[in-house]
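Open the model in your viewer and keep the selection panel at hand. The stops below say what to select and what is there.

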Amino acid sequence: MLTTKTHKTLAVALATVTFLTAATTADDKRLSIYSSVATYTLPVIDRLGREYVSLLEVLEPLGRVSAHAEGQHWKMRFNNTDSDFVAGKTRIKIRGRDFTLTAPFLIDNSRGLVPINSLSALLPAFLGNPINFHEPARRLFIGDVSTQVTAQLDSSNPPRLVLNFTAPVNPTISTEPGGLRMLFAREPVVPPTNPSLTFDTAITQATFSESNGTADLTVAASVPLMASFSNNGRTITVVAISSGSPAASTSPDAGPPPSAAENQTTSSTPQPSPPAKRILAIVDPAHGGTERGAALTEGLEEKTVTLGFARLLRHELERQGFAVILLRNGDDTLTLDQRAGSANSAHAAIYVSLHAAAEGTGARIYTSLLPIASADKGPFHAWNAAQAPALPLSQSAAAAIISEMQKHQFSARGYSASLRPLNNLLMPALAVELAPGPNGLSDLPSANYQQKAAAAIADGIASLRDRLGAQP
Amino acid sequence: MIPRHLTLGVAVMLVIVLSMGIYLRQMRRSASQMQRLADDARPIAPPASGPTETVTLYVADDATGALRPQSAQIPLPGGRQQRAEELLRALLRVYQQSDSPHPLAPAADIRSIYLIAPGAAVIDLNTPFADQHRSSILGEQLTVNSLVETLAANVPGITRVKILVDGNSRETLAGHADLSEFFDVTTVAQTLAQGAQ
């Protein structure tokens, strides 16, 4: 007969496999949300032949949110707005007012799922702000956050296409035979009035499109192309390169050359670049369920802050090309052994545990302070010192994160701590303890503050990508 | 006209009621004081006796996130185990002062220290020490490091330290610092030295 503990272990293993399968699916459906406090991407889930999204994940970065299930009812509070959903029903209540969803509300692993095409009606009721939802492309703009783009062709020899943006952009630029493609994963770039322009030069066409949470600007040409940034990232100049043309040897921009950091240049090559290897990272929001962690303020528990912070870190790591597993994506109770077991069985390249504290400022990065090790038994590592072989790389990762945080004017310092489950992990492992920022305790639940920290952590981990990828 | 005997009777009754009220108030005050004493979980340790010696306490500082050595003169008894207990109680007194750089609960105490061969020490904390400890990785780890370092620096021969709470093994001090294993004195000292650089 299976015990409760066995059930829990099996459930965690099953969840891990599910997460892994989801993480490695190349064509994941995604919803991108752009707001003044955070830009983030969420997975879209197919249920009952429709597209659903977790409402908690949609609202988490935008304010204080909590939810609990009572039988078939799922009650959620966002800032001061109470709402009541019923599993399997389309009728819901927000602030006591009735709303109708386009498909039944679903509860999946304690997460409340709403049909994605109901967001246009739902979100203004919670946020009090107008939203602009590009539904077919799954791009959602909250408030006035859009970045406009205009294109202007200079037909001189060689021809160049100047793209001006109303805010700095940093797209991923790739080259394909006969063209150049800019992918805007995080920028709220909206389609221009005329999304497709045709030219009668070596640059033949510029087409703007958006799909699956991203915007895409493709420039077609009969010759190879090169792109350069200027005007602090607000201008991208695409120039045609032909053999012997001046553009091949000189900067396409008039005036002084931009700085190295500002001037990223990409030229087209006939061979498509090989796909980057996806590295698996585990993000573990510490505490959860009955284990609440520290009481940071009256009414704010550590487990709540770590979950929101973890979701933002997941987005940042995914943006860097990592596959990410969240060990907890709801208010679930997980033992330290379950966390260690899940991470080890996933054979992740790195593990990051997230904590929060009311004392101090900035962030503290911890690696394992190993206890006196039990003896290894043949091929089996001692459970209490399994981290020992990976500890040097853990310390390198901690140093890289501290360095990135300091670059972002974020106070950070490294420590060793006797903290489980770090000791039990076979892969590089560290813990981040987020402390208040310049605005004091109000920073801890702030999505803006958390995202700043998450971006620096992801940058630090990404800087070690090659070494992490070499892990077995 | 009110008869004289009735007036006297009412006056006597009023005096009795007033006296009983005063008596009741004193009884309640006394009961409240006894309850306060009963709620105080601090064990009454016998005063230490012995020659005064200079020891080095490793005091945690929340502001710097590090330990700083601090000399103290305390009377130390002859027995090795009693010396260890007095040493950590002296450390605890620093943390329980109003201007402490790393405040611990007033009811926190060291129940006992067991020195077991070879080189192992077991520190037994009382329940309020752990239950009323602030919950954070840094705060808890500083407490553990401070106890281990102070003990190892002043009681020769200790190479590993285990921390119990109320005589039992406990998973964490207050949700973070792992107490399930022995701490290696050398490893703790090395990490502190690295952190100080």
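**Confidence first**

Colour chain A by pLDDT. This is a predicted model, and the mean pLDDT of chain A is 81, with 84% of its residues at 70 or more. Select residues 9-26 of chain A: here the pLDDT is below 50, and the stretch has 19 contacts beyond near neighbours in sequence. Now take residues 243-276 of chain A. The pLDDT is again below 50 there, with 46 contacts beyond near neighbours in sequence. Switch to chain B, where the mean pLDDT is 88 and 91% of residues reach 70 or more. For the model, ipTM is 0.74 and pTM is 0.59.

**Chain A overall**

Show chain A as a cartoon. It holds 8 helices and 31 strands. Of its 472 residues, 43% count as buried. Among contacts in chain A with a separation of 6 or more, 65% join residues 24 or more positions apart.

**Helix α4**

Select residues 302-319 of chain A. This is α4(A), with 18 residues. From first C-alpha to last it reaches 26 Å, close to the 26 Å expected at 1.5 Å a residue. Is α4(A) largely enclosed or exposed? Buried residues make up 17 of its 18, so the helix is largely enclosed by the rest of the structure. Step on to Gly321(A), which follows α4(A) and has a positive phi, near 95 degrees.

**The side facing chain B**

Show both chains. Here 22 residues of chain A are in contact with 21 residues of chain B. Select β29 (363-368), β30 (412-417) and β31 (429-434) of chain A; each supplies at least two residues of the side that touches chain B. Which element gives the most to that side of chain A? It is β30(A), with 4 residues. By type, the residues on this side of chain A are 11 nonpolar, 6 polar and 5 charged.

**Backbone stops**

Most residues other than glycine have a negative phi, and most peptide bonds are trans. The next selections depart from that.

- Pro421(A): this residue sits in the loop between β30 and β31 of chain A. A cis peptide bond joins Arg420(A) to Pro421(A), with omega about 10 degrees.
- Arg95(A): look in the loop between β8 (91-94) and β9 (97-100) of chain A. Its phi is positive, near 50 degrees. Arg95(A) counts as exposed because it has 11 C-beta neighbours inside 10 Å, and 12 or fewer is the cut-off.
- His347(A): go to the loop between α5 (336-345) and β28 (350-356) of chain A. Phi of His347(A) is positive, near 50 degrees. With 12 C-beta neighbours inside 10 Å, His347(A) counts as exposed.

Terms used
Residues numbered from 1 in each chain as written. Chains lettered and ligands numbered in written order. Predicted model: local features only at pLDDT ≥ 70, side-chain atom pairs only at ≥ 80, totals over all residues. Contact = placed C-beta atoms within 7 Å. Nonpolar A, V, L, I, M, F, W, Y, C, P; charged D, E, K, R; others polar. Buried ≥ 20, exposed ≤ 12 C-beta atoms within 10 Å, placed from the backbone. Expected span 1.5 Å × (residues − 1). pLDDT = per-residue confidence, 0-100.
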